[in-house]
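This briefing is intended for readers who wish to orient themselves in the model before working with it. Please keep the sequence and the structure in view while reading.

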Amino acid sequence: MDFNDTPEEAAYRAEVRKWLDANAKRKASKKDTLEALSGTDALQRAKDWQRKKAEAGFACITWPKEYGGQGGTSIQSVIYSQEEANYLVPTGFYDIGLGMCIPTVLAWGTEEHKARYVGPAIRGEEIWCQLFSEPAGGSDVAGLRTRAEKDGDEWVINGQKVWTSGAHYCDYGIVVVRTDPTVPKHKGLTMFIVDMKSPGVEVRPIRQMSGEANFNEVFFTDVRVPDSDRLGQPGDGWKVALTTLMNERLAVGGGGGADWSELVDLARDAELADGPAINNGAVRERIAQWYVETQGLKYTKFRTLTALSKGQTPGPESSISKIVSAPKMQELGSFAMDLQDIGGIIRDRDISAQNATFQNQWFGGAGYRIAGGTDEILRNIVAERVLGLPQDIRVDKNVPFNEMPKGK
Amino acid sequence: MNFDFSDDQKMLKEQVSKFLSDKCGYDVVRRVLESDELYAEDVWKGLVEMGLTGTAIPEEYGGLGLGALELCVVAEELGRVAAPVPFSSSVFLATEAIKLAGSEAQKQKYLPKLAAGEIIGTLAMAEGTNAPSPRTVKASLKGGKLTGTKMPVPDGEIADIAVVLVNTGGSGDKALSLAIVELNGSGISKEQLKTIDPTRGHAALKFDGAAAELMGAEGEGWDLVRRVLDGAAVWTAFEQVGGAETAMWMARDYALERYAFGRQIGSYQAIKHKLADMYVKIELARSNSYYGAMMLNDNGAELIEAAAAARISATQAYIYAAQENIQTHGGIGYTWEANTQFFYRRAKLLALSLGSQLYWRERLVTQLEARNAA
């Protein structure tokens, strides 16, 4: 039992490191981050970096060679990501496109689609977004109402999508829409590739309760899509969407933010009425609890990596990750604010402890518990797929969509 | 990355699992619970015949000469069936204490017999309802004579030898030492205690000038015993994970067969989420236990944190799975006939043996503070 690479893995890691050393700046410490990026500059730098990676053969490592991938193994891909995390490079713009959308195109697209779209995506020339969620369909995505009607060789899309990351800078998206409202909801859906620059596509940022705007809503008004940009058959949209969603929980990364060691730092500085917070039993209990959870997740990941390293299919253990990390992010932020007493209400980088990281994650955690599968949906998934429990009774299962009761 | 047990270790696990599923069903646990039997002697003999009591004892002392990892897989399987045997007392505690602190003569004298299952050992720490510590341990060793009362002592009534935590009069943490005593001699009385889990017997041992030998250096007892507990915590975490998994699958099976309001109760989210939470806690515990196993096997620098994390998360997983298993069963789960009780009892017993959550959190955070300051 050890954490060591196999000789092949070690050789690959050395190769990756050599290339990264030659092309990027190593982080001075784990907390080192790229200077604040904003606007088009950030996007251009991300595009440059993605192109470099692709040219060197480190982008989309596991994808087939014929479409521009490297035909590599999952563990090679993991090794690259582990190493890249030690360098100051612009990331984030490609997670959805390369993590979810293009894998869906690879699974369901025609040869023409793959020839046209995969290469430019790998090279970073075109960025993709995912258009599934709607105001009326979050956890119940299949309840979506955006519709498409056939008009000759084209489809005409009308409706609204929501929580679309990066829609304002994306070139293409995959959009799931209702093409037949007279059949039960899962059966009337179809998936399309949509050019985000098409007439009738309007992107508006959503302001989150935290004050930031990291997502968008996207309105479709008579947007015309050629039938040739359909992924899968009409009515197969739900099956296609499942391919994307299976990749989602891999693409929605860890919650990040402050963890137990930041809490220890804070507790050392914070004075409670009865003395330093670090000496308080309730504080020590929380530090222990969050340490145990963080370590548990870390070593769960190592178990998954071990399976990948041995060329096996990982077990279902990785499904616990967000169930644990999302509430922890919120609760740890909240508890750290308690330690600052009334001063905890201040959210100001210059005044608040540790640049207001705790206040920020108290907000962010509320969103992270919902994004990419709510706490509740993830528990359903574990219960059904891991433990083999039955699905809930579905009153909408056999009812045509247009006869189904709907709220607002 | 090779964060897993080896094929040989998995094969050992398979063998132990097969033996226990044949010989240590719920009927055996219930037999010990309901009778005057102090442990399942038949199961114990089988484990001894397989050589498991000598798993981590070096060959020169008559053991199999395997390591900490092999004991982990054995522990998990013992936990899975809530085996009513003195394995943890004799192997995780007494044997390891002697390996750690015993003189060459003490090792020669006791390890071969422990390996062969000719004797059963235990570790006697507590003296009543306070956590054992340099402030609470009063039993004394003077001139080779042991005086005082230890309770509860796991398997105290059936054990042949005990490693005993005694007060030798030093100051602070140096007050304590370890002694080894043969329990069949004079000056010793044993009394079985009424406890929450009669499937694992505990006794009060009263020493009145019983012959005993110092084990390890005088004044080092508190340090030594905490090191023994770090190791035992890792093995016990595997035992807890095994038990927790049984409780989880018991609840899951019942949730599939029980109908209420016209449908399987396992189709209600209140039940599904409870079971999903069991799974989450168990996987966290398993992952922490693996790291504990690795640190223990390598005698790694993070052993204390790893052992504490394994201990805390495995305790939480087992307690939760055992209590919510009963809740999932409803009324039938609260009856004497139901097997749910075995795990409810055992989960709490294991949560309190080796020190409660309060001890382990404090041991962990003290260590983290030191690390974060560095």
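The points below concern domains, record annotations, a pocket, a cavity and a helix.

The model is a predicted one. Chain A and chain B are each described by a domain assignment with a domain 1, a domain 2 and a domain 3. In chain B, the second largest pocket lies between domain 2 and domain 3, because both give residues to its lining.

**Domains**

- In chain A, the assignment gives domain 1 as residues 7-91, domain 2 as residues 128-243 and domain 3 as residues 253-370.
- The C-alpha centres of domain 2 and domain 3 of chain A are 35 Å apart, while for domain 2 and domain 3 of chain B the separation of the C-alpha centres is 28 Å.
- Within chain B, contact between these two domains involves 15 residues of domain 2 and ten residues of domain 3.

**Annotations from the UniProt record**

- An unreviewed UniProt entry places "domain: Acyl-CoA dehydrogenase/oxidase N-terminal" at residues 6-118 of chain B. That span of chain B is 66% helix and 0% strand, with 30 Å between its end C-alpha atoms.
- For chain A, the annotation "domain: Acyl-CoA oxidase/dehydrogenase middle", also from an unreviewed UniProt entry, covers residues 129-223. Residues 129-223 of chain A are 0% helix and 52% strand, and the end C-alpha atoms lie 16 Å apart.
- The feature "domain: Acyl-CoA dehydrogenase/oxidase C-terminal" is assigned by UniProt (unreviewed entry) to residues 219-357 of chain B. Here the chain is 78% helix and 3% strand, and 26 Å separate the end C-alpha atoms.

**The second largest pocket**

- The volume of the second largest pocket is about 1200 Å³.
- Its lining comprises 40 residues, and those nearest the centre of the pocket are B:P132, B:L352, B:L354, B:G355 and B:S356.
- At least two lining residues come from each of the following elements of chain B: α5 (87-101), β3 (145-154), α7 (221-257), α10 (340-352) and α11 (357-373).
- Domain 2 (121-221) and domain 3 (223-373) of chain B both contribute to the lining, so the pocket is situated between them.

**The largest cavity**

- The count of cavities of 30 Å³ or more is one.
- The largest cavity has a volume of about 60 Å³.
- B:L78, B:A83, B:V85, B:F87, B:S88, B:F92, B:R200, B:E239 and B:R346 form its lining.
- The lining of the largest cavity divides into five nonpolar residues, one polar residue and three charged residues.
- Helix α5(B) gives the most to this lining, supplying three residues.

**Helix α7 of chain A**

- Helix α7 of chain A spans residues 260-269, and seven of its ten residues are buried, so the helix is largely enclosed by the rest of the structure.
- The buried residues of α7(A) are A:W260, A:S261, A:E262, A:L263, A:V264, A:L266 and A:A267.
- The cover over these buried residues includes β12 (275-276), α8 (281-309), α9 (321-339) and α10 (357-368) of chain A. Chain B also takes part in the cover, through α11.

How values were computed:
Residues are numbered from 1 along each chain as its sequence is written. Chains are lettered from A and ligands numbered from 1 in the order in which they are written. This is a predicted model: local features need pLDDT of at least 70, side-chain atom pairs count only at pLDDT 80 or more; totals for chains, interfaces and linings use all residues. Side-chain values use heavy atoms; hydrogens and water are left out. On a 1 Å grid over the protein atoms alone, a cavity is a set of points where a 1.4 Å probe fits but cannot get out, and a pocket is an open set with protein on both sides within 12 Å along at least five of seven lines; lining residues have an atom within 4 Å of a point. Grid points are joined across faces, edges and corners, and a volume is the space filled by probe spheres set on the points. Helices (H or I, at least four residues) and strands (E, at least two) are DSSP runs, numbered from the N terminus. Domain bounds come from an automatic or database domain assignment. UniProt positions are given in the numbering used here, feature names are shortened, and annotations may be inferred rather than shown by experiment. Buried means under 20% relative accessible area, exposed over 50%, partly exposed in between (1.4 Å probe, protein chains only). Contact means heavy atoms within 4.5 Å. Ala, Val, Leu, Ile, Met, Phe, Trp, Tyr, Cys and Pro count as nonpolar, Asp, Glu, Lys and Arg as charged, and the others, Gly among them, as polar.
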